[in-house]
Amino acid sequence: MRSESSDTLTVGVNYLAKIPIGPLGDFIERLWLLSDAPPHPKERIVPGGTLELVINLHENELRIYDAAQPERCKRFSGAVVSGTYSGSFVIDTREHASVIGVHFRPGGAFPFLGTEAGELADTHVDLETLWGASAVELRERLCAAFAPTERFSLLEKALAAHLFRPMERHHAVRFALHAFEGAEPGLPVREVAHEAGLSQRRFIQLFAREVGMSPKLFCRVQRFQQTLKSLRQTIAPNWAQLALEHGYYDQSHLIHDFQLFADLSPTEYVHQRSDRVMQNHVPVVE
């Protein structure tokens with residue numbers, strides 16, 4: 001994969017990404033475009049602590065499956081917002097034939113939603129519910145466009161046109177995200193709230209409103225994400241050592257979080273992971 005300046009495309013196999021510049025870059029990590037229907041029929045998506053906007057350009061439908069009961073399927077329009085999840089869900093990879101999306105930074109989707117991020121936790125919602133008829137028009141224009149640069153430009157313009165509130169975070173949320181990013185596991189929420197000048201209750205309300213989950217859950221998800229990052233660097237992990245390095249009480253504590261967030265044991269995750277899927281995606285073995 002090749003990466004150049006912030007205003008150019010990152011290029012991979014059937015995958016393109018653009019890093020927004022200017023104010024959008026503070027709230028959006030990347031815009032992405034995927035055209036790759038892999039051989040496996042489904043993929044599991046594990047929590048990352050962020051929201052995602054996804055638009056299917058191949059067909060006007062997106063199908064979301066229950067991770068625990070994969071025969072259960074919810075059908076949405078071809079443009080959806082995926083809220084912050086506390087567990088995994090499963091998608092149909094046939095939709096990868098042509099799909100474009102926005103990967104928001106933690107708390108970054110809030111100005112574009114028209115509702116609290118916490119209201120979308122553990123669910124998907126049609127973009128039309130949030131943006132009205134302009135969501136349908138956006139998908140139609142993206143489908144009609146051909147060049148990736150044109151599609152990314154259309155998406156950026158649509159985002160800029162759907163600002164429901166100023167592009168700024170509450171000072172306590174901004175402070176907390178920075179504190180959690182560099183902190184050791186187990187940083188007390190009450191301590192962060194106190195340093196931000198708020199009561200613990202008010203701080204939790206504000207954080208969930210903008211980020212989409214409680215501060216405690218967010219920190220657990222980020223610890224899980226750091227664990228996955230370490231796993232990508234090894235073939236035969238030492239689970240006890242990995243648990244210790246990432247602030248778990250013991251190996252059973254680490255196993256519990258894998259089962260909670262991925263519906264897989266750590267060993268199952270390692271056996272099913274693949275370098276040829278998007279971040280936080282795991283091929284489903286049926």
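Here are some notes on the model, point by point, for someone meeting it for the first time.

1. **Ground rules.** This is a predicted model, so local features need pLDDT of at least 70 and side-chain atom pairs count only at pLDDT 80 or more, while totals for chains, interfaces and linings use all residues. Residues are numbered from 1 along each chain as its sequence is written, and side-chain values use heavy atoms, with hydrogens and water left out.

2. **Overall build.** The protein chain has 11 helices and 12 strands (DSSP runs numbered from the N terminus: H or I of at least four residues for helices, E of at least two for strands). Its radius of gyration is 19 Å, close to the 19 Å from the globule rule for 286 residues, so the chain is as compact as a globular protein of that length. That radius is taken over C-alpha atoms, and the rule is 2.2 Å times the number of residues to the power 0.38. Along the principal axes, the C-alpha atoms fill a box of roughly 55 × 45 × 40 Å.

3. Of the 286 residues, 50% are buried (under 20% relative accessible area; exposed is over 50%, partly exposed in between, with a 1.4 Å probe and protein chains only). Among contacts with a separation of 6 or more, 69% are between residues 24 or more positions apart (a contact means heavy atoms within 4.5 Å). The accessible surface comes to about 14,100 Å², and carbon and sulfur atoms own 50% of that (Shrake-Rupley method, 1.4 Å probe).

4. **The largest cavity.** There are 2 cavities of 30 Å³ or more. On a 1 Å grid over the protein atoms alone, a cavity is a set of points where a 1.4 Å probe fits but cannot get out, a pocket is an open set with protein on both sides within 12 Å along at least five of seven lines, and lining residues have an atom within 4 Å of a point. The largest cavity holds about 500 Å³, a volume being the space filled by probe spheres set on the points. It has 29 lining residues, with Ile45, Glu52, Val54, Phe89 and His281 nearest the centre. Strand 3 gives the largest share of that lining, 3 residues. By class the lining has 14 nonpolar, 12 polar and 3 charged residues (nonpolar: Ala, Val, Leu, Ile, Met, Phe, Trp, Tyr, Cys and Pro; charged: Asp, Glu, Lys and Arg; polar: the others, Gly among them).

5. **The second largest cavity.** This one holds about 30 Å³. Its lining has 9 nonpolar, no polar and no charged residues, including Leu53, Phe104 and Trp131. Helix 2 (127-131) supplies the largest share, 3 residues.

6. **The largest pocket.** Look here for about 1,200 Å³ of space. Of its 37 lining residues, Phe180, Phe218, Cys219, Gln222 and Arg223 are closest to the centre. Helix 8 gives the most, with 9 residues, and helix 5 (171-182) supplies at least two. The lining splits into 11 nonpolar, 13 polar and 13 charged residues.

7. **Two backbone spots to check.** Most residues other than glycine have a negative phi. Asp122, in the loop between helix 1 and strand 11 (124-126), has a positive phi near 60°, and Asp122 is partly exposed at 40% relative accessible area. Asp263 has a positive phi near 55°. Asp263 lies in the loop between helix 10 (251-262) and helix 11 (266-272) and is partly exposed, at 36%.
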